[in-house]
Amino acid sequence: MALNPLSWAEELPLLHDHLWARLTQGVSDRHAPARYLTLATVSESGMPQARTVVLRSADKQAATLAVYTDIHSGKISALRANPMAALHVWDAAEQLQIRIEASVSILTSEAVSEQWQSLPEHARSAYSSGPAPGEPIVASLDYTKTPDESAFAVLWMDVQAIEALHLGHHHHHRRAVFSCGDGWAGQWLVP
C-alpha cells in the first residue's frame, strides 16, 4: 500500500511540523513558495499595507521569522505605531495557504551586524543612504542607492498564531490554527 502523500494534512502535530518545514525551506530555497511571502501591516493612518518580502530566517523551536528591510521604508513607521503584522504564503503545488500573525521587533545597528556582513555586496544596495523607498522621483531610474549599514534593519517576528488551509481533493478541505497561547497544540476549524 502506498503512503498517503498528504498524511501531513490529517493530524495536527504533523500539519504543524509541515508548516514549519515549508517556511524553513523558504529561507534557503529561492524557488520555494515561502521564499517570497506577503507581509501586511497597518499604516499610521489606518490603511492596510501589503508587500512581498524575502524570508531570511525561520525557527520552529523559537517560533520566530525574520525579514530584512530598509530602516527608511514605510513599514518601519507602521510597525513603530503598531508592532503587529500578518504574513501570507500560497503554496500552489500543495494547495496550501499559510497565514501568520506575529509581533514584530525592529533590530538595527550592532544587533544586525552579523546579518549585514553575510549579505553579498550586490544585495547591500537595497539598504541605502540615498532617497528613501517610496520618495517621488522624476524618471523611473532617477535614483542612486549607496549601501549603508545604518539603513539596514531586521524585522524579527515572534509568531503568535499560524493558520493553515489545505484545499484537498473532492472538497475535503482542512483548516487548522496553532497558537502560542495553547502551546501550539492546534485546533481544527471549519474551512
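Buried residues make up 36% of the 191 residues in this protein. The model you have open is a predicted one. Let's walk through it.

**Stop 1: the whole chain**

Show everything as a cartoon. Look for four helices and eight strands. Starting at the N terminus, the order of elements is α-β-β-β-α-β-β-α-α-β-β-β. Along the principal axes, the C-alpha atoms fill a box of roughly 60 × 35 × 35 Å.

The accessible surface is about 10600 Å². Carbon and sulfur atoms own 54% of that area. Next, colour by charge. The protein has 13 positive and 20 negative charges, and their mean positions lie 4 Å apart.

Turn to contacts. Take those between residues at least 6 apart in sequence: 58% of them join residues at least 24 apart.

**Stop 2: helix 2**

Select residues 74-81, which form helix 2. Which residues are buried in helix 2? They are Lys-75, Ile-76, Ala-78 and Leu-79. These four cover an arc of only 165° around the axis, so they sit on the same side of helix 2.

What covers the buried residues of helix 2? Select the strands one by one. The cover includes strand 1 (36-42), strand 2 (48-59) and strand 3 (64-70). It also includes strand 4 (84-91), strand 5 (96-107) and strand 6.

**Stop 3: His-16**

Move to helix 1, residues 12-28, and pick His-16. Is His-16 buried or exposed? Its relative accessibility is 9%. Buried means under 20%, so His-16 counts as buried.

Leaving out residues up to four places away in sequence, His-16 touches Lys-60, Ile-162, Phe-178 and Trp-184.

**Stop 4: Ala-126**

Where is Ala-126 found? Go to the loop between helix 4 (121-124) and strand 6 (152-166). Ala-126 has a relative accessible area of 39%, so this residue is partly exposed.

Check the contacts here too. Ala-126 touches Asp-70 and Lys-145, again not counting residues up to four places away in sequence.

Finally, draw a distance from the C-alpha of Ala-126 to the C-alpha of Ile-162. The two residues are 36 apart in sequence and 29 Å apart in space. Ile-162 is also one of the residues that His-16 touches, which links this stop to the last one.

Notes
Residues are numbered from 1 along each chain as its sequence is written. This is a predicted model: local features need pLDDT of at least 70, side-chain atom pairs count only at pLDDT 80 or more; totals for chains, interfaces and linings use all residues. Side-chain values use heavy atoms; hydrogens and water are left out. Helices (H or I, at least four residues) and strands (E, at least two) are DSSP runs, numbered from the N terminus. Buried means under 20% relative accessible area, exposed over 50%, partly exposed in between (1.4 Å probe, protein chains only). Contact means heavy atoms within 4.5 Å. The arc is that of the directions from the helix axis to the C-beta atoms. Accessible areas come from the Shrake-Rupley method with a 1.4 Å probe; for residues, only the protein chains shown count as cover. Lys and Arg count as positive and Asp and Glu as negative; His and the chain ends are not counted. The place of a charge is taken as NZ of Lys, CZ of Arg, CG of Asp or CD of Glu.
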